[in-house]
Amino acid sequence: MGYSGVRGGMEAILAAERLVRRSRDHAPAEWASTEQIVLRFRLAVDRIMGEAGLYHSPTAADAFRQAEGDVLEAAHLVRAHRSTLPRLAVTEPVDPDEMVVLRRIVPANRTPDGPQLLGRTTDYTGRLLEREGDFARDRAEPRTEDDDSARNRQPERTPEQRHPRRFYQLLRDLDLVVEHGEPAEDPEPFDITRRAARPPAPRSAVLSSMARAETGALVGLWYRSILGPDGDVHEITLGDTRHGRVPLRVVHPHTGKPVQIGEIRVTEAEGIEDLDGAEEDRTRFDVGYGLCFGHNERKAIAMANLDIAWRRAEEDSPLEQLLLLTTDGLDSGGFLEHLKLPHYVTFRSMVDRKLARREARGSTGPRVPEPFGEECR
């Protein structure tokens with residue numbers, strides 16, 4: 001049997017797109033509004049904003065709906081949309097200590113300065129599937145006075161409790177943290193949205209790349225670094241792990257002074273590593289840092305651990321290259337998806353080379369060459 005290429009047609013491509021739109025937009029089910037998606041699929045929306053590098057939940061929700069729930073495709077849509085937007089201003093640096101904390105846990109200390117705020121989490125919830133009927137019964141049950149009184153018994157958090165002292169600062173006060181020192185200069189952070197980061201890169205480029213990385217890819221790289229053959233990092237103990245709101249400020253064009261124009265939610269993590277190497281200061285800890293858009297604790301924790309690993313990596317270590325070049329979901333997903341595009345010409349040439357090589361070796365195997373470019377239907 002011979003091999004010949006197949007020509008695709010624009011008509012078939014347009015028909016496939018119409019099929020997607022018809023099946024998606026006219027499915028026999030209630031339309032999912034942007035508000036519904038933002039409120040009911042908040043973690044997916046946050047993940048899209050983080051991987052796309054654009055903080056706007058309605059835009060992420062619209063992309064989620066258009067992509068039929070494919071988070072990677074939604075992030076691709078949002079990042080493409082982002083590239084069309086004008087850059088009106090550059091925000092001022094944000095101090096994470098200004099965060100209004102919505103959730104804060106410190107696994108390294110039971111009683112850190114300030115409260116442990118569990119907030120909205122399923123960390124301690126049994127993974128039991130709840131079917132649609134269970135939700136319907138819960139909604140149908142009337143709210144009792146006990147429910148309302150239990151809610152009223154929850155104390156209001158004070159401003160001090162919403163701005164707790166950082167656990168890292170406690171370790172610094174005890175002189176238990178390795179001080180890496182401030183750089184002699186304060187260069188502008190590397191903007192990965194303007195130019196691609198390549199090794200060797202500054203820490204700002206590595207942290208930015210991790211903040212915009214595909215969550216699964218970053219967690220996979222972290223896990224490989226822990227248990228895989230690389231052995232770049234050891235398991236850390238978590239210090240502060242926070243989710244909250246930080247102010248967004250720009251310089252007023254007339255007064256020249258910073259003015260707050262809104263807030264964004266971020267997740268922040270500090271990873272503490274016990275130094276026990278032969279050439280390390282065993283009287284101190286090293287601390288890594290992670291921060292990303294929205295509520296995405298997996299990504300922030302992986303960032304904090306990989307931040308330590310990147311700082312301690314040897315010059316010939318491939319870790320920096322892996323972080324900068326292989327964790328972006330659009331890059332890796334796009335490269336994989338391109339395999340579905342026609343490769344008729346390249347594969348035809350591969351077949352011809354193999355047949356020619358076989359013929360040169362005097363093989364008697366069957367070969368039925370066909371005219372180049374013959375169309376199959």
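**Entry 1: a salt-bridge network.** I looked up which residues join up by charge, and found Asp97, Arg166, Glu268 and Glu270 linked in a network of salt bridges. The model is a predicted one. I noted that side chains of opposite charge can pair when their charged atoms come close.

Asp97 sits in the loop between helix 5 and strand 1, and Arg166 in the loop between helix 8 and helix 9, so the pair ties together parts that are 69 residues apart in sequence. Is Arg166 buried or exposed? I found Arg166 buried, at 11% relative accessibility, while Asp97 is partly exposed at 46%.

**Entry 2: other salt bridges.** I noted 28 salt bridges in the structure. One joins Arg103 to Asp123, with 2.8 Å between the closest N and O atoms. Arg103 lies in strand 1 and Asp123 in the loop between strand 1 and helix 6, 20 residues apart. Arg103 is buried, with a relative accessible area of 2%; Asp123 is partly exposed at 40%.

I then looked up Arg245 and Glu263, which form a salt bridge with closest N and O atoms 3.2 Å apart. This pair links strand 2, which holds Arg245, with strand 3, which holds Glu263; the two residues are 18 apart. I recorded Arg245 as partly exposed at 31%, and Glu263 as partly exposed at 41%.

**Entry 3: a nonpolar patch.** Which residues make the nonpolar surface patch of about 290 Å²? I found Met10, Ile13 and Leu14. Ile13 belongs to helix 1, residues 10-25, and is partly exposed, with a relative accessible area of 45%.

Notes: Residues are numbered from 1 along each chain as its sequence is written. This is a predicted model: local features need pLDDT of at least 70, side-chain atom pairs count only at pLDDT 80 or more; totals for chains, interfaces and linings use all residues. Side-chain values use heavy atoms; hydrogens and water are left out. Patches are made of residues with over 30% relative accessible area and no salt bridge: like charges are joined within 9 Å, nonpolar side chains (Val, Leu, Ile, Met, Phe, Trp, Tyr) within 5 Å. Accessible areas come from the Shrake-Rupley method with a 1.4 Å probe; for residues, only the protein chains shown count as cover. A salt bridge is a side-chain nitrogen of Lys or Arg within 4 Å of a carboxyl oxygen of Asp or Glu. Helices (H or I, at least four residues) and strands (E, at least two) are DSSP runs, numbered from the N terminus. Buried means under 20% relative accessible area, exposed over 50%, partly exposed in between (1.4 Å probe, protein chains only).
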